[in-house]
Every structure is written in C-alpha cells, then in structure tokens.
Amino acid sequence: MIHPLSDVKSKFIGENTNIWQFCVVFPEAKIGSNCNICASVLIENDVTVGNNVTIKSGVQLWDGVTLEDNVFIGPNVTFTNDLFPHSKVYPKEFARTIIKKGASIGANTTIIAGNTIGENAMVGAGSVVTHDIPDNEVWFGNPARFVRKIES
C-alpha cells in the first residue's frame, strides 16, 4: 500500500510494504517486502532497505545508507552521509552507513556517517553514534557508549 499523499518514484518495492502519507522515495531506492514506512520519511536513491523493516516518522535515509532485514528505526532518527558538508560541494562518494540485521535504533538518535551498527545491536534513544557498534550490544549516550551485551 502506497498512500496517495506520498511521492514514491521507485519501482523497487517489495510485496506487503506500506508507505504512509507525506513520504518521498527516490527512483533508485530499494525497499524490501513487509516493511512499514511511516509518515514523513524521505528515502534517497542510493539506499537499500531490507525485508521486515520498520521506519518510524520523521526519518531521512540519505545516499549511502543500508538497512538490513528486521531493522527498527525509531522516530526522528538522523542519519548523516558527509563528514565535511558544505553547501553545493559534494563528495565523489558518500560515506556508507550500515545497520545490520535485527538492530534497533531508538528515537532521536544521530548516526554519524560511515558507521556500522552490528546485528541485533540496540542503540538507546537520543544517542549519538560516532563509532561502529558490535553485534549483540546495547549502547547509549552522547557519544554512545557500551552498556551491556545482549544475551541470546
């Protein structure tokens, strides 16, 4: 289901994915099956979203972001893709940010460009991620710091 008040140009959208009102999805964006893209989300061209992903309202996925399967992105999470941004000056290639399978990112977290969040990792609300986060760990704070391992 694509809400009629969204602007979705991509043809690369899997089955049973919902895209709600006021979303913008660029033509080359790739979105998997069974995703829920909540209101007011922007997804640029060089973005891949896996299957079973939830992206809450107010999130922008800039070129260079990959969300693997079963990822949760909380409301107003901020991604960056350029470590040295200037108006009208673009890098040859944007930094790659990867959120691995099963990771959960809390509301209002900022993910600095070029970092990887590991499988099943959790990042607490309001954190600022400045480094890679290993698999199965909980991190939070500004800057985000290790809190504990996640027991399986």
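A salt bridge is taken here as a side-chain nitrogen of Lys or Arg within 4 Å of a carboxyl oxygen of Asp or Glu. The structure is a predicted model, in which local features need pLDDT of at least 70 and side-chain atom pairs count only at pLDDT 80 or more, while totals for chains, interfaces and linings use all residues. Residues are numbered from 1 along each chain as its sequence is written, and side-chain values use heavy atoms, with hydrogens and water left out.

Four salt bridges are present in the structure. Side chains of opposite charge can pair when their charged atoms come close. One of the pairs consists of lysine 9 and aspartate 7, whose closest N and O atoms are 3.2 Å apart. Aspartate 7 is partly exposed, its relative accessible area being 34%; by the criterion applied, buried means under 20% relative accessible area, exposed over 50%, and partly exposed in between (1.4 Å probe, protein chains only).

A further salt bridge links aspartate 46 to arginine 96, with 2.5 Å between the closest N and O atoms. Aspartate 46 is located in the loop between strand 7 (42–43) and strand 8 (48–49), and arginine 96 in the loop between strand 13 (78–79) and strand 14 (97–99), so the pair ties together parts that are 50 residues apart in sequence. Strands (E, at least two residues) and helices (H or I, at least four) are DSSP runs numbered from the N terminus. Both partners are partly exposed, aspartate 46 at 38% relative accessible area and arginine 96 at 36%.

Glutamate 68 and lysine 100 also meet through their side chains in a salt bridge, at an N to O distance of 3.7 Å. Because glutamate 68 lies in the loop between strand 11 (65–67) and strand 12 (72–73) and lysine 100 in the loop between strand 14 and strand 15 (104–105), this pair ties together parts that are 32 residues apart in sequence. Glutamate 68 is partly exposed at 23% relative accessibility, as is lysine 100 at 27%.

Backbone features were also identified in loops. Asparagine 142 and proline 143 are joined by a cis peptide bond with omega of about -5°, and proline 143 belongs to the loop between strand 20 (137–140) and strand 21 (145–149). Asparagine 136, although not a glycine, has a positive phi of about 55°; this residue lies in the loop between strand 19 (128–129) and strand 20 and is partly exposed at 28% relative accessibility. A positive phi, near 60°, also occurs at asparagine 16, in the loop between strand 2 (12–13) and strand 3 (18–19). Asparagine 16 is exposed, with a relative accessible area of 60%.
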